[in-house]
Amino acid sequence: MSASVPVLPTHLTILLPSAAPTPHLQQFHPAAPSAPLSPKPATFCFWTDAWKAVRGHAEQTQVRVVEAHPPGDELLAALQRHRPATLGQYSSVHVFREGIRPCYDDDLNRFGGHYKLSHTAEHNVELVWVCVVQALAGGLFPGSATGGAAGGGVYGVTVFRKQRSTYSVKVWVGDSQDKAHLGAVREFLGRLLERAWYSSMRFCPHRFI
């Protein structure tokens, strides 16, 4: 496979802080077409980790921030450096809003959950990863414009490589009890991604993990 980020349709190009949504993305974003996506773009942190077996359970280790960027060219370049294909077995890369750790016990994640998208083909997980991170950085997810502990929202995205070419992508939300928001996020993902790119999608509340 090519070493570059997969070539996507025009409507999935990375959104710069001052860029107006394209006609396709306007259906996802409530702002007027001429309005900036955000007056003060958020910063997104790239995290890496590894997993090991401890008494029959998987335990996350070596969780660390490797770089952080606002939406734009530098974030896109970082997305290319941290592609799913670069991961070793039983390791992950995460893109999260600044101030939130990609761990179930983080204060802002304990009462949240994640949508888990399972995959088999490497080229499909690459497409899902690029699309979902760009939607997060562009503030396109339902509720993500407000975020915060009170507002819920979408906090981050994880891609995990289990073995060989077996991957999964997680979309983390802040409130597992907000059924309306969860339904809106699921519906958004259904419109954003081609169904052939993943084998299944299910929601996992963190309070049960």
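Trainee: What share of the 209 residues in the protein chain is buried?

Mentor: Buried residues make up 49% of them. Buried means under 20% relative accessible area, exposed over 50%, and partly exposed in between (1.4 Å probe, protein chains only). The model is predicted, with local features needing pLDDT of at least 70 and side-chain atom pairs pLDDT 80 or more, while totals for chains, interfaces and linings use all residues. Residues are numbered from 1 along each chain as its sequence is written, and side-chain values use heavy atoms, leaving out hydrogens and water.

Trainee: How many helices and strands does the protein chain have?

Mentor: The protein chain has four helices and seven strands, taken as DSSP runs (helices H or I, at least four residues; strands E, at least two) numbered from the N terminus. Along the sequence, the pattern reads β-β-α-β-β-α-α-β-β-α-β. Among contacts (heavy atoms within 4.5 Å) between residues at least 6 apart in sequence, 69% join residues at least 24 apart.

Trainee: Why are α2 and α4 called oblique to each other?

Mentor: Their axes cross at roughly 125 degrees and come within 11 Å, with α2 spanning residues 122-137 and α4 residues 179-192. Axes are lines fitted to C-alpha atoms, for helices over the stretch in contact, with angles from 0 to 180 degrees between N-to-C directions. Under 35 degrees is roughly parallel, over 145 roughly antiparallel, 65 to 115 roughly perpendicular, and the rest oblique. The pair α2 and α4 is therefore oblique.

Trainee: What is the handedness of the crossing of α2 and α4?

Mentor: The crossing of α2 and α4 is right-handed. On the α2 side the contact is made by C131, V132 and A135, and on the α4 side by F188, L189 and L192.

Trainee: What classes of residue make up the contact of α2 with α4?

Mentor: The contact has six nonpolar residues, no polar and no charged ones. Nonpolar covers Ala, Val, Leu, Ile, Met, Phe, Trp, Tyr, Cys and Pro; charged covers Asp, Glu, Lys and Arg; the others, Gly among them, are polar.

Trainee: Why does H114 count as buried?

Mentor: H114, in strand β4 (residues 113-119), counts as buried because its relative accessibility is 2%.

Trainee: What makes the pairing of H114 with H206 a polar contact?

Mentor: The two side chains make a polar contact at 3.0 Å. The term needs a pair of N or O atoms within 3.5 Å; within protein, one must be able to donate a hydrogen and the other to accept it, and residues adjacent in sequence count only if both atoms are side-chain atoms. H206 lies in the segment after β7 (200-205) and is buried, with a relative accessible area of 4%. Beyond residues up to four places away in sequence, H206 touches Y104, N109 and G112, among others.

Trainee: Is A85 buried, partly exposed or exposed?

Mentor: At 29% relative accessibility, A85 is partly exposed. A85 is found in the loop between α1 (73-81) and β3 (91-97). A85 and R164 are 79 residues apart in sequence and 10.0 Å apart in space, C-alpha to C-alpha.

Trainee: What is the phi of Y90?

Mentor: Y90 has a positive phi of about 55 degrees, although it is not a glycine. Most residues other than glycine have a negative phi. Y90 is in the loop between α1 and β3 and is partly exposed, with a relative accessible area of 35%.

Technical notes:
A crossing is left-handed if the near helix is turned anticlockwise from the far one by less than a right angle, and right-handed if clockwise.
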